[in-house]
Amino acid sequence: MWVYRLKGTPSELDPILPELFDHGARGLWEREGEVLAYFPAPLPLPFGGVWEELADEDWMKAWRRDLRPVLAPPFVVLAPWHAFAEEGIPLRIEPGMAFGTGHHETTRLALTALARHLRPGERVLDLGTGSGILAIAAEKLGGRAVGVDLDPSVLPQAEANALRNGVRPLFLEGSLEAARPFGPFHLLVANLFAELHVRLAPAYREALLPGGRLLLTGILQEKAPGVREALEGAGFSPLEERAEGEWVLLAYRR
């Protein structure tokens, strides 16, 4: 096993994380000022990191030893091998195979926002589902969730995570078009880059019922004004805004 070590600030490193998965990373470990990405073999990457070789046994032991449950009230995000000894709603997610394990601020922001805004029985669209964590959380709150992702390789992992949690969201390859036959939705949650939110703002409106809610994260604070402007230009009205670290969640109503 090889580790690709990247140093930088959160604003420099966080946008790269999904790209590391796209290049075949088996897992990520975020630490203060750096990210360790685990790969089966070294390959040319454009991010300026350094490669180090690790014995397979060593990195697996370190991965399991150092990974901790994550609190995102009312949820507790656990790896399959963690014992559940906390109050809250457990989410068992296999770490490292797709983006969205609860260890990133944007995922925690989205989880807690779902708990504030989702009502039982509502239809939920998780756009860019990754590990499926947000669709799974929506189902655990009593919603009926559809998760879509442009990357078909993440869908089997999302399905496996759903089975671990005893829920059955519908997972589909694609984007908003793929979900259209199952909408319009009461709530749409998307953990994407700010630039994508700006581009998709008019389509978000079409995907939602009148009065439907939009929960958007993956937005650096410095880029939030552009997202707000796009959403309000598309006819959305603000509900709330939450931040963690350098990241923002924006909630809007159609």
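1. Val146 has Leu170 of strand S10 as its bridge partner. S9 (residues 144–149) and S10 (residues 170–173) are parallel, with four bridges between them. Two strands count as paired when DSSP finds at least two bridges between them. Helices (H or I, at least four residues) and strands (E, at least two) are DSSP runs, numbered from the N terminus. From S9 the chain passes through helix H6 (residues 155–164) to S10, in a right-handed β-α-β crossover. Right-handed means that, with the strands pointing away from the viewer, the path from the first strand over the helix to the second runs clockwise.

2. This is a predicted model: local features need pLDDT of at least 70, side-chain atom pairs count only at pLDDT 80 or more, and totals for chains, interfaces and linings use all residues. Residues are numbered from 1 along each chain as its sequence is written, and side-chain values use heavy atoms, leaving out hydrogens and water.

3. Strand S8 (residues 123–127) also runs parallel to S9, joined by five bridges. Val124 sits opposite Ala145 of S9. S8, helix H5 (residues 133–140) and S9 form a right-handed β-α-β unit.

4. S9 is largely enclosed by the rest of the structure, because five of its six residues are buried (under 20% relative accessible area, 1.4 Å probe, protein chains only).

5. The largest nonpolar core has 34 residues. Such a core is a set of buried Ala, Val, Leu, Ile, Met, Phe, Trp, Tyr and Cys residues joined through side-chain atoms within 4.5 Å. H5 gives the largest share, six residues.

Technical notes
Buried means under 20% relative accessible area, exposed over 50%, partly exposed in between (1.4 Å probe, protein chains only).
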